Amino acid sequence: MKNDSSVVDDKFHVRDELDLSTALWRRLGDDQEGASGTVEYAFVAHRDAATYVALREAADPDGTVLVFTPSEWDAFLLGARAGEFDRPH
């Protein structure tokens with residue numbers, strides 16, 4: 001699916017089928033409960049036999065949820081470990 005900004009949402013067919021109401025959300029880091037900028041993640045099984053990773057801001061649990069396929073999540077973790085997302089010095 002494409003929107004007006006020509007961004008492709010390749011998980012459009014999956015996003016509405018994921019049951020996030022029963023997801024076990026885990027907090028990244030040692031930030032305070034619900035502090036702005038704190039991220040939570042959950043592994044969510046889908047009927048297509050894949051387990052997707054969902055990310056959300058802890059302070060806004062009803063807000064936007066990013067969804068990653070298993071291969072996208074693996075690529076993200078490899079990049080994070082390699083320092084690809086570190087802030088410039």
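Reader: What do β2 and β3 form, and how many residues lie between them?

Author: In this predicted model, β2 and β3 form a hairpin, and five residues separate the two strands.

Reader: What makes strand β1 a partner of β2?

Author: Two bridges join β1 (residues 26-27) to β2, and the strands run antiparallel. The cut-off is at least two bridges, so the pair qualifies. Arginine 26, for example, has tyrosine 41 in β2 as its bridge partner.

Reader: Why is alanine 49 called exposed?

Author: Exposed means over 50% relative accessible area. Alanine 49 has 76%, so the residue is exposed. Its place is in the loop between β2 and β3.

Reader: Which residues make up the largest nonpolar core?

Author: That core has 11 residues in all: Val14, Leu18, Ala23, Trp25, Ala42, Val44, Ala50, Tyr52, Ala54, Val65 and Val67. At least two of its residues come from each of β2, β3 and β4 (65-68). Apart from this core lies another, of five residues, including Tyr41, Val53, Leu55 and Trp73.

Reader: Which residues does leucine 18 touch?

Author: Leaving aside residues up to four places away in sequence, leucine 18 touches Val44, Ala45, His46, Tyr52 and Val67. Touching here means heavy atoms within 4.5 Å.

Reader: Why is the pair of glutamate 17 and arginine 47 called a salt bridge?

Author: The rule asks for a side-chain nitrogen of Lys or Arg within 4 Å of a carboxyl oxygen of Asp or Glu. Here the distance from N to O is 2.8 Å, so the pair meets the rule. Glutamate 17 is in the loop between α1 (12-15) and β1, and arginine 47 is in the loop between β2 and β3, so the pair ties together parts 30 residues apart in sequence.

Reader: Are these two residues buried, partly exposed or exposed?

Author: Glutamate 17, at 38% relative accessibility, counts as partly exposed. Arginine 47, with 71%, is exposed.

Reader: How many salt bridges does the count give?

Author: The count comes to three. Glutamate 40 forms a salt bridge with arginine 27, with the closest N and O atoms 3.0 Å apart. That pair links strand β2 with strand β1, the residues being 13 apart. Glutamate 40 also meets arginine 56 in a salt bridge, at 2.7 Å from N to O. This second pair links strand β2 with strand β3, and its residues are 16 apart.

Reader: What joins Arg27, Glu40 and Arg56 into one network?

Author: Salt bridges that share partners join the three residues.

Reader: Why is glutamate 40 called buried?

Author: Buried means under 20% relative accessible area. Glutamate 40 has 7%, so the residue counts as buried. Arginine 56, with 15%, is buried too. Arginine 27 has 26% and therefore counts as partly exposed.

How values were computed:
Residues numbered from 1 in each chain as written. Predicted model: local features only at pLDDT ≥ 70, side-chain atom pairs only at ≥ 80, totals over all residues. Heavy atoms only, no water. Helix = DSSP H or I, 4+ residues; strand = E, 2+ residues; numbered from the N terminus. Buried < 20%, exposed > 50% of the residue type's maximum accessible area, 1.4 Å probe, protein only. Core = buried A, V, L, I, M, F, W, Y, C linked by side-chain atoms within 4.5 Å.
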